[in-house]
Amino acid sequence: MLTRLKFLTAGESHGQGLLGILDGMPAGLEISEEYISVHLARRQMGHGRGGRMKIEKDFGEIWCGVRHGKTLGAPVGILVRNKDWENWTKKMSVSPVDDEIRTVTLPRPGHADLAGVQKYGFDDIRNVLERSSARETTMRVALGSICRKLLEDVGIEVGSRVIEIHDVKDENPIPDGVSPNQLSEIADASPVRCLDKDREVAMMQTIDDAKKAGDSVGGIFEVIATGLPYGLGAHTQWDRKLHTRISAMMMSVNAFKGIEIGGGFGGAEKFGSEVHDEIGHDGEKFFRYSNNAGGIEGGMSNAQPIVLRMAMKPIPTLIKPLRSVDIHSKEAKDAHKERTDSCAVPAASIIAESMLCFVLADALLEKFGGDSMDQLRAHMRATAKY
Ligand code: EPS
């Protein structure tokens, strides 16, 4: 789904660490480990996280592709070490071990466990769950922050907030004049990334109740981007449409089960005259009387804020497990229990921001090109329309 950028992540949840490579970044982008750390820390926050986040303090070590604080136009390589590795050296050893290692044989409904062991013929679900763990999203945020920095440097901001946890909804719109960075700053100050203080308390209570019951809860969050020029993406082919790329990238994140762009599902029950955003002109440029399209028309950015909502299902690892069957004995038993989060919706909103950063940075490079940031800026000055 990306045309100018490529990225790969590798690493198991309890292995030595996570590796990531981002290729295609122009030269001359200022980037630091500290900048990446800010966003890694945001991903670790949120009421309802489990024990693992108390162990880790994720830090992205830049191994290559950056010199004296600026990208070289070469692939950027990042390493995030797992602090928890020291507790798993035998269980996750790269080399064979003499000790008897207890296998996981009770697949969790909703996780990759059963399909994974059937697909690969493994006798131990750990061979699947280590990679299907949401730990992998750490690296997406690390690499995605490099894309975010490129966007910020050309005036594009990406932010988010949580609007629903389980059945507790914050239906207030984002206050007028609040930029995505300001939105994130306010949201980051809330343990559930919710702007409404009363709703915040109710959301936290819902998470606590679920935890007490050995259960988990999902939710919905909103992601917005501003400062975009006209014409990222294209109407000309299915895989060039901006919303195709955004949706594919978003739906690749663990537990993300739905996406709405702009008015989304709500538009289905309205008339066309209520949904489409009327066009005006102020003497200098076009403007819109509304933004129900969520910033994308005909597969292209239309210089309005991009507005997305994503639904995340409840995490499938449950302290009070669901019914399952042992993959070897075929006996009916409760599903496997691992340390888990009772709610990871606030963290998921940061991951979604990062996925949007990949798509927008890629689309920007596709449209304006350039081997260096100076060239990209010059091309944008020459042809970008807002
Ligand atoms: C996660 C790390 C994992 C889980 C969580 C997300 O660490 P551990 O398995 O050691 O507790 O906390 O992943 C899941 C709940 C899941 O089902 O994948 C992280 O770094 O975000």
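**Exercise 1.** Which atom of Ala134 is 2.9 Å from an oxygen atom of the ligand, one of the backbone or one of the side chain? Determine this in the predicted model, and then describe how the protein surrounds the ligand.

*Solution.* 

Step 1. Begin with Ala134: a polar atom of its backbone is 2.9 Å from a ligand oxygen atom. The cut-off for a polar contact is 3.5 Å between N or O atoms.

Step 2. Consider the extent of cover. On its own the ligand has 470 Å² of accessible area, and the protein covers 94% of this.

Step 3. Turn to the side chains. An N or O atom in the side chain of His111 is 2.9 Å from an oxygen atom of the ligand. For Arg43, a polar side-chain atom lies 2.7 Å from a ligand oxygen atom.

Step 4. Examine the residues around the ligand. There are 15 of them, and those that come nearest are His14, Arg43, Arg49, Arg52 and Arg339. Sorted by class, this shell has six charged, six polar and three nonpolar residues.

Step 5. Locate the site: the ligand sits in the largest pocket.

**Exercise 2.** What is the strand order of the open sheet of five strands, and which strands are at its edges?

*Solution.* 

Step 1. The order of the five strands is E9-E8-E10-E16-E11, and their pairing is antiparallel.

Step 2. Strand E9 (168-169) and strand E11 (256-261) are the edge strands, as each pairs on one side only.

Step 3. Within this sheet, eight bridges link strand E8 (residues 157-165) to strand E10 (residues 219-226) in the antiparallel sense. Glu164 has Ile220 of E10 as its bridge partner.

Definitions and conventions
Residues are numbered from 1 along each chain as its sequence is written. This is a predicted model: local features need pLDDT of at least 70, side-chain atom pairs count only at pLDDT 80 or more; totals for chains, interfaces and linings use all residues. Side-chain values use heavy atoms; hydrogens and water are left out. A residue is near a molecule or strand if one of its heavy atoms lies within 4 Å of it. A polar contact is a pair of N or O atoms within 3.5 Å; within protein, one must be able to donate a hydrogen and the other to accept it, and residues adjacent in sequence count only if both atoms are side-chain atoms. Accessible areas come from the Shrake-Rupley method with a 1.4 Å probe; for residues, only the protein chains shown count as cover. On a 1 Å grid over the protein atoms alone, a cavity is a set of points where a 1.4 Å probe fits but cannot get out, and a pocket is an open set with protein on both sides within 12 Å along at least five of seven lines; lining residues have an atom within 4 Å of a point. A molecule sits in a cavity or pocket if more than half of its atoms lie within 2 Å of its grid points. Ala, Val, Leu, Ile, Met, Phe, Trp, Tyr, Cys and Pro count as nonpolar, Asp, Glu, Lys and Arg as charged, and the others, Gly among them, as polar. Two strands pair if DSSP finds at least two bridges between them. Helices (H or I, at least four residues) and strands (E, at least two) are DSSP runs, numbered from the N terminus.
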